[in-house]
Structures are given as C-alpha cells and as structure tokens.
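Reader: I am new to this structure. Please show me how to read it, one feature at a time.

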Amino acid sequence: MACDKGPNKAIVDMGDRAGDRVHVEVEPSDEAQRIVDLEQELETTRDRMLRCAADFDNYRKRAERERLDYQRAANEGLLRDLLPVADALDRAIVSVGQADAGGSVVEGLRLVRAEVERFLRNQSTEPIEAIGQAFDPQVHEAVQMVEDSDAPDNTIVEEVRKGYLHNGRILRA
C-alpha cells in the first residue's frame with residue numbers, strides 16, 4: 001500500500017495479491033489537517049526560536065567585546081596621561097641628583113618613581129628598551145641621526161623619551 005498526500009486530499013494506492021490496483025481518494029479529516037498544520041507551525045516556531053537564540057548569543061558576545069574595547073581605550077588614555085608624570089620624575093631625579101648628591105630628596109623621588117613603575121607594570125605596561133637596540137620604525141620614533149663610531153649603523157644611542165608597551169601594543173613610541 002502506498003500513500004501520496006496532497007494539500008487537501010490523500011490518494012491511497014491499494015493492491016491485492018493478484019496485482020490489481022485500486023486508487024481511492026480520501027479527504028483528510030479536519031483533525032488530521034489540524035495536526036499537519038500544527039506540526040508545520042511547530043517547526044516554523046522552533047526554527048524562529050533557534051535563530052532568536054543564536055542572534056541573542058551573538059549580541060551578548062558583541063556587547064561584551066564592545067565593553068572590553070571601551071574599557072581598554074579608557075585604560076590606555078589614563079596610562080598615556082600618566083607617562084608624562086613618570087618622565088617628569090625621571091628629569092627631577094637627574095636634576096636634583098646633580099645638586100643634592102645622595103640626599104633624601106633624590107631618594108624620595110626614586111621611591112615615588114618606583115611606585116609609578118610598579119603601577120604601570122601592574123597595568124601590563126612596560127618600558128620599551130631602546131638604547132643599544134637596532135632601530136625599528138614599528139617600535140621606535142627617530143628624532144635625529146648621529147654618527148657614533150662605537151655603535152653599529154642603525155643602532156639607537158640615545159633615548160629622548162621612553163616608549164611603553166601596554167598589553168603588547170605600543171602605548172607610546
């Protein structure tokens with residue numbers, strides 16, 4: 001026995017042992033049609049629910065990524081604003097150190113500078129070591145070129161302003 005369902009009727013092919021075939025058209029009952037309609041509606045609703053869940057999951061991930069990007073940008077701005085303070089402390093140590101050799105003022109400035117350095121390291125910010133390194137335009141910013149017979153060509157011999165990396169990205173060259 002074979003069955004072919006159409007939109008409004010079912011055609012049933014019934015055969016007997018002698019090979020005679022009889023085709024009978026049967027109108028589906030209201031209940032059977034309602035079941036078919038409900039199954040289709042269930043499948044459509046299930047598909048929409050899965051798509052909605054996937055969309056929400058993508059939204060949640062995107063919102064978290066945007067929040068982290070915003071937080072990272074805000075932190076980088078704060079750290080970038082702190083770097084001139086660290087530079088000023090370095091200059092003060094050199095300046096006061098020349099006038100007050102071994103004095104308590106120099107020691108106090110060094111302690112404050114060490115705290116700033118510790119804070120930067122806790123924020124995953126590290127100074128870029130430049131003196132004696134080969135010049136890399138991706139990392140270093142050249143101010144001028146000088147001749148130095150003691151250093152190989154294209155080597156950094158003096159640092160005007162210290163560069164920093166934050167989470168592996170250049171914060172200041």
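Author: Start with the elements. Helices (H or I, at least four residues) and strands (E, at least two) are DSSP runs, numbered from the N terminus. Asparagine 167, for instance, has its place in the loop between β5 and β6 (169-172). This is a predicted model: local features need pLDDT of at least 70, side-chain atom pairs count only at pLDDT 80 or more, and totals for chains, interfaces and linings use all residues. Residues are numbered from 1 along each chain as its sequence is written, and side-chain values use heavy atoms, with hydrogens and water left out.

Reader: How many helices and strands are in the protein chain?

Author: The protein chain has two helices and six strands. Along the sequence the pattern is β-β-β-α-α-β-β-β.

Reader: What is the phi of asparagine 167?

Author: First the general idea. Most residues other than glycine have a negative phi. Asparagine 167 has a positive phi, near 55 degrees. Asparagine 154 also has a positive value, near 65 degrees. Asparagine 154 lies in the loop between β4 and β5.

Reader: Is asparagine 154 exposed or buried?

Author: Buried means under 20% relative accessible area, exposed over 50%, and partly exposed in between (1.4 Å probe, protein chains only). Asparagine 154, at 51% relative accessibility, counts as exposed. Asparagine 167, at 48%, counts as partly exposed. For the protein chain of 173 residues, buried residues make up 16%.

Reader: At what angle do helix α1 and helix α2 pack?

Author: Axes are lines fitted to C-alpha atoms, for helices over the stretch in contact, and angles run from 0 to 180 degrees between N-to-C directions. Helix α1 (residues 30-99) and helix α2 (residues 104-122) pack at about 155 degrees. Their axes are 9 Å apart. Angles under 35 degrees count as roughly parallel, over 145 as roughly antiparallel, 65 to 115 as roughly perpendicular and the rest as oblique. So α1 and α2 are roughly antiparallel to each other.

Reader: Which residues make the contact of α1 with α2?

Author: Contact means heavy atoms within 4.5 Å. On α1, the residues include Leu79, Leu82, Leu83 and Ile93. On α2, they include Val105, Leu109, Val116 and Phe119. To sort them, Ala, Val, Leu, Ile, Met, Phe, Trp, Tyr, Cys and Pro count as nonpolar, Asp, Glu, Lys and Arg as charged, and the others, Gly among them, as polar. The contact of α1 with α2 divides into 15 nonpolar residues, one polar and three charged.

Reader: How is an aromatic pair described?

Author: By the distance of the ring centres and the angle of the planes. Rings of Phe, Tyr and Trp (its six-membered ring) pair if their centres lie within 6.5 Å; planes under 30 degrees apart count as stacked, over 60 as edge-to-face and the rest as tilted. By this rule the count is one aromatic pair. The rings of phenylalanine 56 and tyrosine 59 have centres 6.2 Å apart and planes at 40 degrees, so the pair is tilted. Phenylalanine 56 and tyrosine 59 are three residues apart in helix α1, separated by about one helical turn. Phenylalanine 56 is exposed, at 52% relative accessible area. Tyrosine 59 is partly exposed, at 46%.

Reader: Which residues does glutamate 141 touch, not counting those up to four places away in sequence?

Author: Glutamate 141 touches Phe135 and Ala173. Glutamate 141 lies in the loop between β4 (125-128) and β5 (163-166). The C-alpha atoms of glutamate 141 and alanine 173 are separated by 5.7 Å, yet the two residues are 32 apart along the chain. At 56% relative accessibility, glutamate 141 counts as exposed.
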